[in-house]
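Dear colleague,

Please find below the structure that I am handing over to you. My notes on what was found in it follow directly after.

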Amino acid sequence: MRLSQYILPTQKEDPSDAQVSSHRLMIRAGLIRKEAAGMYAYLPAGLRALRKISAIVKDEMDKAGAMECLMPELTTADLWKESGRWDSMGPEMFRIRDRNSMEYALGPTHEEAFTALVRSVVSSYKDLPVNVYQINTKFRDEIRPRFGVIRSKEFIMKDAYSFDIDQGGLDESYQKMAAAYRAIFDRCGLETIPVQADSGTMGGSASEEFMVASEVGEETLLLCEKCGYRANQEKAEFKRSSSEFGEKSALTEVNTPAIKTIDDLAEFFSCDGKLFLKTIVFVADGEPVVAVVTGDRDINEAKLKNYLQATDIEQADDETVVAVTKSSVGFAGPVRSEAPRIIFDSAVANIHGAITGANKTDYHFTGVEPGRDFVIEEEADLVEAVEGDLCPDCGEPMITRKGIEVGHIFKLGKKYTESMKVSVLDNNGKAVVPLMGCYGIGVTRTLAAVIEQHHDDSGLTWPASVAPFDVHLVGIGKGDEEKAAIDEVYNSLISEGLDVLYDDRKLSPGVKFADADLLGVPVRITCGKSYFADGELEIKIRKTGEQSAVKPDNLSKKIREILADHN
RNA sequence: CGGGGUGUGGCGCAGUCCGGUAGCGCACCUGGUUUGGGACCAGGGGGUCGAAGGUUCGAAUCCUUUCGCCCCGACCA
């Protein structure tokens, strides 16, 4: 491509509304433009990089035996009603009506659509296993789109769905995808950390997330450097201490006017937050539930939700809190509680002389004793693991990292095949419900993640595998003759089958170099005075800054070597 | 949705408190001189200040309403 005829609107200054580096650089390098919050247009260079990623994804999926399809973006309400998700998906799903008032959703994910497709084409165990996928746009009415293309209302996802006759088959399909994902991210030049994850609203059993370590990651990961345990904070378990703490004493009611938060209470009683019993009211599937944890910990709602096997959980509003605790917000506690159901974190049983709300406005109890002052009927792991907590496998202290989730694989089991009545005949002629797995990669997000991992102060430093071009040819020539000579170099590179971006603009060299650095194509060839004097081209590796002189004869060979090295 | 911030040529910003009819840098156009790390000179085009309403002789500036966008929290690839 000749840059003089290409749309590559580079910007010298950072856009004011972009915070994270990938977003800033994608705008500055002219890869994307923002249309509205969470909606981006891909310009030619950005689309090239995106297509490179899609091609890698497709290649590895195909190699793993998956079959590419293309599903409609518009999905009928009936489809979602079959699985029950028309109601459970909530406002995240974009819903629209046609002129006849028929209801549709813009596909936020395609379990239902693919399940229905497979249902219509398989009838025997001989037809299984199948793994079908697409690379297509997803629509999600995100609560808060942010970080550019990392979290947007519309994004491109590769979603695959496997169907197997039995658990062994599902395990195999799942392992194939796990291996394919490792290969995909590796080829994209991404270092990912696979972690155990909560399976969330997708349902199902095993689940693994592929995270890209990044400061701007929205996920917190707990990692054990000793044994390799890795989990998303939502899922992360940790070795609970069985040692008891605090000192037994008599139950006493203390006036604590308007002192509600753990911090304020710790100051008021001048003691450790750990000695408090934090009591929070939730509403799970419409029913109020009270959770009690020690004051030094945060409740992990995902764990609570899983324990309750609830489909929806949220903190109760003030009215509900008042109704449940018979006091104003901030004075809830397990002692003499009238709450219908109380779940205790497993650390609560070890506490002595705890302090907790008295279910009476402006009063707390001290000297609270589990067993004596309240009964623990339901106990579970309810709290969030934090840095320094002990690894559940080996007991070493764990560390935390921030990560961007680029891929997620699940074993769904029969969740959809059962609700949508898929059945095939097994080798005994008996109808069985196939087991399903689902496997997603955020393609546009992967692009942003690649940039998060590959940039420096001057701009992008693409891995060759996803770079929009192989070579950035900077021409610095004066008269027509020199320009014609540079054109020749350009043509010869193209004839070698290389993707070349040729900067033929009438601009000063500094501008061209700065743009080349910003766009970050792996190899830069400068054709200027040394070429006209000695017939030598300058070749520079963007990532390392390494520079050398080459004769035109060896040029394409040299370029291919560099590209192979910088994947 | 709650909290915080912001909206002025394509981009980045000043002006707003103390109303007087819009400015700077970059980009763009023309001519000329330049050409290996964001050149220089001269000339030039482009905005009614997010939107609506109000106060006033007069509003980017004051008041009211409203919308967009960004950041922090609950959702997710």
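**The surface near RNA strand B**

Helix 13 contributes the most to the surface near RNA strand B, with seven residues; a residue is near a strand if one of its heavy atoms lies within 4 Å of it. Helices (H or I, at least four residues) and strands (E, at least two) are DSSP runs, numbered from the N terminus. This is a predicted model, in which local features need pLDDT of at least 70 and side-chain atom pairs count only at pLDDT 80 or more, while totals for chains, interfaces and linings use all residues. Residues are numbered from 1 along each chain as its sequence is written, chains are lettered from A and ligands numbered from 1 in the order in which they are written, and side-chain values use heavy atoms, with hydrogens and water left out.

There are 52 residues around RNA strand B, and Arg140, Ile143, Arg151, Asp517 and Glu538 come nearest. Of the atoms of RNA strand B that come within 4 Å of the protein, sugar and phosphate account for 51%. Elements that each supply at least two residues of this surface include strand 1 (32-36), strand 8 (154-164), helix 13 (509-519) and strand 30 (537-541). By class, the surface divides into 16 nonpolar, 14 polar and 22 charged residues. Here Ala, Val, Leu, Ile, Met, Phe, Trp, Tyr, Cys and Pro count as nonpolar, Asp, Glu, Lys and Arg as charged, and the others, Gly among them, as polar.

- An N or O atom in the side chain of Glu219 is 2.6 Å from a base nitrogen of RNA strand B.
- Arg445 places a polar side-chain atom 3.0 Å from a sugar or linking oxygen of RNA strand B.
- Lys540 has a polar side-chain atom 3.1 Å from a base oxygen of RNA strand B.

**Cavity and pocket**

Lys540 also belongs to the lining of the largest cavity, together with Asp517, Arg524, Ile541 and Arg542. On a 1 Å grid over the protein atoms alone, a cavity is a set of points where a 1.4 Å probe fits but cannot get out, and a pocket is an open set with protein on both sides within 12 Å along at least five of seven lines; lining residues have an atom within 4 Å of a point. The structure holds one cavity of 30 Å³ or more, and the volume of the largest cavity is about 30 Å³. Volume here is the space filled by probe spheres set on the points, with grid points joined across faces, edges and corners. The lining of the largest cavity has one nonpolar, no polar and four charged residues.

The second largest pocket has a volume of about 390 Å³. Its lining comprises 23 residues, with Lys260, Thr279, Ile280, Val329 and Gly330 nearest its centre. Strand 14 provides the largest share of that lining, five residues. The lining of the second largest pocket divides into twelve nonpolar, seven polar and four charged residues.

**Chain A and its helix 6**

Chain A has 15 helices and 31 strands, and its C-alpha atoms fill a box of roughly 95 × 65 × 50 Å along the principal axes. Of its 567 residues, 53% count as buried; buried means under 20% relative accessible area, exposed over 50%, and partly exposed in between (1.4 Å probe, protein chains only).

Helix 6 (residues 167-187) has 21 residues and reaches 30 Å from its first C-alpha to its last, close to the 30 Å expected at 1.5 Å a residue. That expected span is 1.5 Å times one less than the number of residues. Among the buried residues of helix 6 are Gly169, Tyr174, Met177 and Phe185. Just after helix 6, Gly189 takes a positive phi of about 75 degrees.

**Backbone details to check**

The peptide bond from Leu128 to Pro129 is cis, with omega near 0 degrees. Pro129 is found in the loop between helix 5 (111-121) and strand 7 (130-139).

Two residues other than glycine have a positive phi: Lys326, near 60 degrees, and Asn359, about 55 degrees. Lys326 sits in the loop between helix 9 and strand 17 and is exposed, at 53% relative accessible area. Asn359 lies in the loop between strand 18 and strand 19 (363-368) and counts as buried, at 12% relative accessibility.

With kind regards

Methods: Polar contact = N/O pair within 3.5 Å; in protein donor to acceptor, adjacent residues only side chain to side chain.
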